[in-house]
Amino acid sequence: MRQAGQVVARMIAAITRAVEPGMTTQDLNDVAVQELSKHDAKPAFLGYLGFPATICTSVNEEIVHGIPGSRVLKEGDLVKCDVGAIVDGLHGDAAVTLPVGKVSDEALKLIEATRESLNEAIAQVRAGARLGDIGEAVQKYAEGRGYGVVREYVGHGIGRRLHEEPQVPNYGVAGRGQMLRAGMAIAIEPMLNVGTWRTRTLEDGWTVVTADGRLSAHFEHTMAVGEDGAEVMTRLRE
Ligand code: MG
């Protein structure tokens, strides 16, 4: 899983370096495919439940599961890239939200808050902690700043399969829920909205958008639960 995590980290680094106004979301997918091809790894999302691409690209009010295509990214857009890879049958899964050129203060603050809410959640992870500790950390941080926390989509266990038990919600009550054990692997993935937490799905059957059309951001890491903390496997190591 460490290797899969590092492939994902490199794919995200390549996308982050490449993104600029004028590119299409398909171009970002191609950048990810090119990086993936340098490693002995397979895409985790392509064909998963019929998903047609290697990464998910979700722009502005799109939250998750957007399909790369001919959409041209404009200065000021926010693009969320969710990336997965498989090495030796084991999965890595991570996501980032990237500004396209110069973006609004509202967008920058949302990106920062979402990244930070993930860090707050990761800080809760250790053997003996409970899923509610993670959920409350995200929810408190996000709602304390006025953001909506998406509820219909949550983090997850990960390993031989992309999505395993348990579900890892971004809301909850500390001290409640399943206890984490050393050696478990989970993906934590807060999705924060400027407005309502409510969502709807577009007619393509995949793209999830905010119900009010306002901005959304998403960050995700895959990590192993250790006795004293998380080992984040999708963070880029040199
Ligand atoms: Mg995930």
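Helices (H or I, at least four residues) and strands (E, at least two) are DSSP runs, numbered from the N terminus.

**Ground rules**

I am working with a predicted model, where local features need pLDDT of at least 70, side-chain atom pairs count only at pLDDT 80 or more, and totals for chains, interfaces and linings use all residues. Residues are numbered from 1 along each chain as its sequence is written, and side-chain values use heavy atoms, with hydrogens and water left out.

**Entry 1: the metal**

Which residues hold the magnesium ion? I found Asp93 (OD), His156 (NE2), Glu189 (OE) and Glu220 (OE) coordinating the ion at 2.1 to 2.4 Å. Donors here are N, O and S atoms within 2.8 Å of the metal (3.2 Å for Na, K and Ca), and sites may look incomplete because water is not among the atoms. I wrote the spacing of the donor residues in sequence as D-x62-H-x32-E-x30-E. Aspartate 93 belongs to strand 5 (residues 90-99) and histidine 156 to strand 7 (residues 155-157), so this pair ties together parts that are 63 residues apart in sequence. I then checked accessibility: aspartate 93 and histidine 156 are both buried. Buried means under 20% relative accessible area, exposed over 50%, and partly exposed in between (1.4 Å probe, protein chains only).

**Entry 2: the largest pocket**

Next I looked for open space. I used a 1 Å grid over the protein atoms alone, where a pocket is an open set of points with protein on both sides within 12 Å along at least five of seven lines, a cavity is a set where a 1.4 Å probe fits but cannot get out, and lining residues have an atom within 4 Å of a point. Grid points are joined across faces, edges and corners, and a volume is the space filled by probe spheres set on the points.

The largest pocket has a volume of about 480 Å³. It is lined by 24 residues, and Tyr48, His65, His156, His163 and Glu189 are the closest to its centre. By type, the lining divides into 12 nonpolar, 5 polar and 7 charged residues. In this count Ala, Val, Leu, Ile, Met, Phe, Trp, Tyr, Cys and Pro are nonpolar, Asp, Glu, Lys and Arg are charged, and the others, Gly among them, are polar.

**Entry 3: the second largest pocket**

I noted a volume of about 300 Å³ for the second largest pocket. Ile12, Val96, Arg115, Phe219 and His221 lie nearest its centre, out of 19 lining residues. Helix 1 (2-18), strand 5 and helix 3 (105-122) each supply at least two residues of this lining, and the largest share, 5 residues, comes from strand 5. Strand 5 is also where I found aspartate 93.

Most residues other than glycine have a negative phi, and most peptide bonds are trans. I went looking for exceptions. A cis peptide bond joins glutamate 165 and proline 166, with omega about -5°, and proline 166 sits in strand 8. Asparagine 60 has a positive phi of about 60°; this residue is in the loop between strand 2 (55-59) and strand 3 (62-64), and is buried at 13% relative accessible area. Histidine 65 also has a positive phi, near 70°. I located histidine 65 in the loop between strand 3 and strand 4 (78-87), partly exposed at 27%.

**Entry 4: salt bridges**

How many salt bridges does a search of the whole structure find? I got 8, counting a side-chain nitrogen of Lys or Arg within 4 Å of a carboxyl oxygen of Asp or Glu. One of them pairs glutamate 35 with lysine 38 at 3.2 Å, N to O. Buried or exposed, what is glutamate 35? Glutamate 35 is buried at 9%, while lysine 38 is exposed at 59%. Another salt bridge joins lysine 74 and aspartate 77, with the closest N and O atoms 3.5 Å apart. Here lysine 74 is partly exposed at 49% and aspartate 77 is buried at 3%.
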